[in-house]
Amino acid sequence: MNTLTIDSPLGPLQLLSEENHLTAINFPGQHSGTADSANPDSVLGAARRQLEEYFAGHRKRFDLPLAAGGTPFQQSVWQALAAIPWGEVRSYRDIALTIGKPRAVRAVGAANGRNPLPIVVPCHRVIGADGSLTGFAGGLPRKVQLLTLEGSYP
């Protein structure tokens, strides 16, 4: 496993990779405790560059090799999250309908909360059906920052 900690408007983000695939992004307070790699792989450098471009408002989609471990259901939710366009939001129900599991709204919420690649797989773009902001692993203030950056904060 390779790690790299980068500065961001959200605080220091810890990026993790294995076998040239980004596997996790940790917010402050979630860092794995693993020291940064002496020679981070190319995917960590690309992730840093793309996140810097995103925070500067110059990138709307990420192009990184990802390898998030999860169940098939979680993977389907994360794929649906990745398809939410920059500047738009969806409800948990919208995601449940997208993956063909209309009764799985709570399970979608749980999978959303376990997304190991926040920002890149934009779980912050999911809000309550009534338009309210709901939980976010990085905390609601960071969710507001991300939605504001994208111009989609209600």
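Biologist: What makes Arg 90 count as partly exposed?

Modeller: In this predicted model, Arg 90 has a relative accessibility of 27%. Buried means under 20% and exposed means over 50%, so Arg 90 falls in between and counts as partly exposed.

Biologist: Which residue forms a salt bridge with Arg 90, and what makes the pair a salt bridge?

Modeller: The partner is Glu 88, and the closest N and O atoms are 3.0 Å apart. The cut-off is 4 Å, so the pair qualifies. Glu 88 has a relative accessible area of 35%, which makes this residue partly exposed.

Biologist: Why is the contact between Glu 150 and Arg 125 called a salt bridge?

Modeller: The closest N and O atoms of Glu 150 and Arg 125 are 2.8 Å apart. That value is within 4 Å, so the pair is a salt bridge.

Biologist: How do you know whether Glu 150 is buried or exposed, and what of Arg 125?

Modeller: Glu 150 has 3% relative accessibility, and Arg 125 has 4%. The limit for buried is under 20%, so Glu 150 counts as buried, and so does Arg 125.

Biologist: What makes Arg 49 and Glu 53 a salt bridge?

Modeller: Their side chains meet at 3.9 Å, N to O, and the limit is within 4 Å, so the pair counts. Both residues are in helix H1 (residues 42–55), four residues apart, which means a separation of about one helical turn. Arg 49 is partly exposed at 43% relative accessible area, and Glu 53 is partly exposed at 25%.

Biologist: Which residues are linked in a network of salt bridges, and how many salt bridges does the structure hold?

Modeller: The network links Arg 49, Glu 53 and Arg 59. The structure holds four salt bridges.

Biologist: Why are helices H2 and H4 called roughly perpendicular?

Modeller: The axes of H2 (residues 72–82) and H4 (residues 105–113) cross at roughly 80° and come within 9 Å. Angles of 65 to 115 degrees count as roughly perpendicular, so the term applies to H2 and H4.

Biologist: Which residues meet where H2 contacts H4, and what are their classes?

Modeller: Phe 73, Gln 74, Val 77, Trp 78 and Leu 81 of H2 meet Ala 107, Val 108, Ala 111 and Asn 112 of H4. By class, the contact has seven nonpolar residues, two polar residues and no charged ones.

Key. Residues numbered from 1 in each chain as written. Predicted model: local features only at pLDDT ≥ 70, side-chain atom pairs only at ≥ 80, totals over all residues. Heavy atoms only, no water. Axes fitted to C-alpha atoms, helices over the stretch in contact; angles between N-to-C directions. Helix = DSSP H or I, 4+ residues; strand = E, 2+ residues; numbered from the N terminus. Parallel < 35°, antiparallel > 145°, perpendicular 65-115°, else oblique. Contact = heavy atoms within 4.5 Å. Nonpolar A, V, L, I, M, F, W, Y, C, P; charged D, E, K, R; others polar. Buried < 20%, exposed > 50% of the residue type's maximum accessible area, 1.4 Å probe, protein only.
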